[in-house]
Amino acid sequence: MKPKLLHLFILFAAVTSWSCNDQCKETRVTRRFTNVTRSVMELRTMLKTESPRSLERPGKMYIKGDYLFVNEIKEGIHIINNKDKSHPEFITFIRIPGNGDMAVRDNILYADSFSDLVAIDISDPQNPKEMERIKDVFKNGNFDGGIWTLNETTGAINDQNVDFVTETVTVNCEDGVNPSSWWERGWLAERAFATAMSSASSASAPGSGGSKGQAGSMARFALHQNFLYTVTQSSLHLFNVATPSKPKDFATVNFGWGIETIFPYENKLFIGSATGMFIFDNSNPAEPKQLSTFQHGRACDPVVVQDNIAYVTIRSGTACPGTQNQLDLVDVSNPSSPQLIKSYQMESPHGLSIDSPTLYLCEGAHGLKVFDVKDKFKIDKNLLAHFKDVDAYDVISLGKTLLLIGKDGFYQYDSSNPKDLRLLGKIPVGKAI
Amino acid sequence: MKAAILIIIGCWLMAGSLQAQNHVPLKYTNHTEFGGLFGRVKYQFPGSPGDEILENRLNVTLQTFNGVMLSNRLSAGVTAGIDWYKTALLAPISGGIRYDLTKNGGVRLFTTADVGYGFAWFQDDIEGYRTKGGLMLNPGLGLRMGKAGGPAVTFTVSYKRQEAHIDKFPLWDQVERSEDRVYNRLALRLGISF
């Protein structure tokens with residue numbers, strides 16, 4: 001070989017060696033918290049009806065008859081006429097500061113407004129009216145990880161505004177431990193445990209007494225007989241709604257921490273928390289009694305129940321500690337002693353809805369999965385469909401119609417054939433009304 | 001990934017075309033190599049953005065080129081390999097060529113070029129992580145020691161660029177976290193060809 005070529009070879013090796021630096025950039029979307037103090041007195045004057053507006057940051061949804069209620073996180077509730085599912089019509093927007101959850105009985109909409117529970121007459125959906133307000137019943141809460149607390153002595157809400165900031169940092173290209181270190185894991189768990197409050201999910205909650213609607217599995221409000229059940233981070237709060245327009249503060253049951261969702265089923269209450277599922281006997285609706293706890297690692301876990309089987313999704317990430325992402329099937333035929341049937345690995349399970357034998361499961365940014373659950377031990381082998389092009393936060397199955405909500409908007413499907421959901425209509429985020 | 005597949009298909013078509021032009025009888029050739037991927041990384045010290053850390057990186061690589069001789073000096077084919085990065089096991093599949101720069105002698109200089117896509121098929125991610133592969137580029141020079149047209153031992157020096165994307169479990173107050181990774185490595189390989 002000629003010396004020139006050998007020199008070329010050596011030069012190439014040198015240049016390559018000199019330029020060989022791995023380039024790794026981690027992109028993080030992080031919450032930035034800003035502390036703000038709000039006057040409770042002023043907040044109570046801010047509930048009002050506004051002209052319809054577009055979805056911006058949709059939260060939970062609730063359906064009653066032809067009307068659909070969609071929460072705008074911390075802002076209020078959209079009332080939508082859903083008679084024509086292909087062309088739902090925005091009727092009005094009720095500005096309710098600090099709103100995250102809702103339930104409807106007859107013509108009364110119950111909604112939280114930071115520390116208060118408000119009852120709003122929606123018999124004329126274009127002109128809702130505040131009927132009743134129960135003050136200072138909720139002591140703290142959380143929106144998108146920003147915590148608010150009620151200071152009763154000063155009449156103030158100490159709140160945190162949340163902004164989402166994207167940042168890029170160079171990293172070592174070898175991050176493969178989850179989380180990065182054990183002390184981070186511990187910190188994360190504590191932080192999330194303290195804040196994993198308002199990110200609950202939706203399930204088709206049956207019940208009796210009065211005319212009420214249907215919430216998703218992420219719901220923290222549930223109606224059963226003469227009571228409205230609400231869960232806060234650490235307690236179950238009962239309101240007597242025998243006279244729907246005059247709800248009365250009735251009782252509080254303190255338990256656990258990190259309570260997330262509530263699902264009434266027959267005469268039981270299934271409560272999802274960051275540490276497990278609580279089962280309450282609700283034979284006497286005025287006095288729920290805890291029967292058992294189904295423990296799991298710390299994670300967010302909405303629950304739905306049908307035919308004595310509880311479907312519990314466990315999700316890590318965001319305000320949810322832990323490292324599990326799975327669907328647990330739990331036999332609750334003996335509610336005093338729930339038994340695990342089987343766990344299935346999932347990607348990022350959020351809300352779910354069961355319409356036996358079909359299970360609809362939201363996978364967040366990974367879309368919506370539809371399973372046939374006839375064989376409890378082979379659910380993962382019976383994936384009927386996976387819709388990857390939607391962001392799925394929560395879902396409500398109404399038999400032949402499926403309602404789905406996520407960051408990018410609200411979807412309605414014809415679910416006559418669960419294998420082949422047919423999109424009836426979509427309300428995208430930001431669409432002008 | 002589509003681009004990579006197109007490149008691989010393009011190489012095959014080009015190979016077929018050249019082979020047809022030269023009317024050289026189709027002859028199978030194999031070049032299998034094993035070696036190391038040498039590199040460095042400079043990154044921000046976590047929690048102290050002003051401070052930087054510099055570290056060396058070394059990973060194992062294995063690849064096999066299977067193709068046809070288009071002329072006495074040029075061969076084209078498909079290269080399949082596997083690279084054991086510390087937290088990513090990637091399997092690049094690429095279209096490649098080998099071209100002898102020198103004709104004669106016991107030691108001949110040759111050039112290599114592989115372009116394709118590194119797949120994360122064999123990566124077993126831990127909970128909360130999802131690794132996806134990316135484009136791969138690997139041009140280089142090598143020394144071939146052996147009789148022309150016969151089996152030879154090779155030593156190659158090449159630049160390897162491998163992209164990857166990792167979706168990660170969010171930490172702290174994060175709602176999303178992902179990493180775009182580019183491995184820029186000096187690949188030193190020993191191999192055999194026939």
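**Talking through the sheets of chain A, and a look at chain B**

Colleague: Which order do the four strands of the open sheet with β27 take in chain A?
Modeller: This is a predicted model, by the way. The four strands make an open sheet, and their pairing is antiparallel. Going across chain A, the order is β27-β28-β29-β30.

Colleague: And which strands of chain A sit at the edges there?
Modeller: An edge strand here pairs on one side only. In chain A that applies to β27 (352–355) and β30 (383–387). As for twist, the average from one strand to the next is 10 degrees. So far as names go, the edges are β27 and β30 of chain A.

Colleague: Which residue in β30(A) stands opposite A:Val370?
Modeller: Start with the strands: β29 (residues 368–372) of chain A pairs with β30(A) over four bridges, in the antiparallel sense. Across that pairing, the residue opposite A:Val370 is A:Ala385.

Colleague: What about the open sheet of six strands, which ones are its edge strands?
Modeller: That sheet, in chain A, runs β2-β6-β5-β4-β3-β14 with antiparallel pairing. Each edge strand pairs on one side only. The two are β2 (48–50) and β14 (214–215) of chain A.

Colleague: Inside that sheet, what is the bridge partner of A:Ile77 in β6(A)?
Modeller: Strand β5 (residues 76–81) and strand β6 (residues 89–95) of chain A run antiparallel, joined by six bridges. Within β6(A), the partner that A:Ile77 bridges to is A:Ile94.

Colleague: Is A:Thr149 buried, exposed or partly exposed, and why?
Modeller: A:Thr149 belongs to strand β12 (residues 146–151) of chain A. Buried would take 20 or more C-beta neighbours within 10 Å, and exposed would take 12 or fewer. A:Thr149 has 16 inside 10 Å, so the label is partly exposed.

Colleague: Over to chain B: how many helices and strands does the secondary structure come to?
Modeller: Read along the sequence, the pattern for chain B is α-β-β-β-β-β-β-β-β-β. That gives one helix and nine strands.

Colleague: And what percentage of the contacts in chain B with a separation of 6 or more comes from residues 24 or more positions apart?
Modeller: Chain B has 194 residues, and 42% of them count as buried. For its contacts with a separation of 6 or more, the share from residues 24 or more positions apart is 57%.

Terms used. Residues are numbered from 1 along each chain as its sequence is written. Chains are lettered from A and ligands numbered from 1 in the order in which they are written. This is a predicted model: local features need pLDDT of at least 70, side-chain atom pairs count only at pLDDT 80 or more; totals for chains, interfaces and linings use all residues. Two strands pair if DSSP finds at least two bridges between them. Axes are lines fitted to C-alpha atoms, for helices over the stretch in contact, and angles run from 0 to 180 degrees between N-to-C directions. Two residues are in contact if their C-beta atoms, placed from the backbone, lie within 7 Å.
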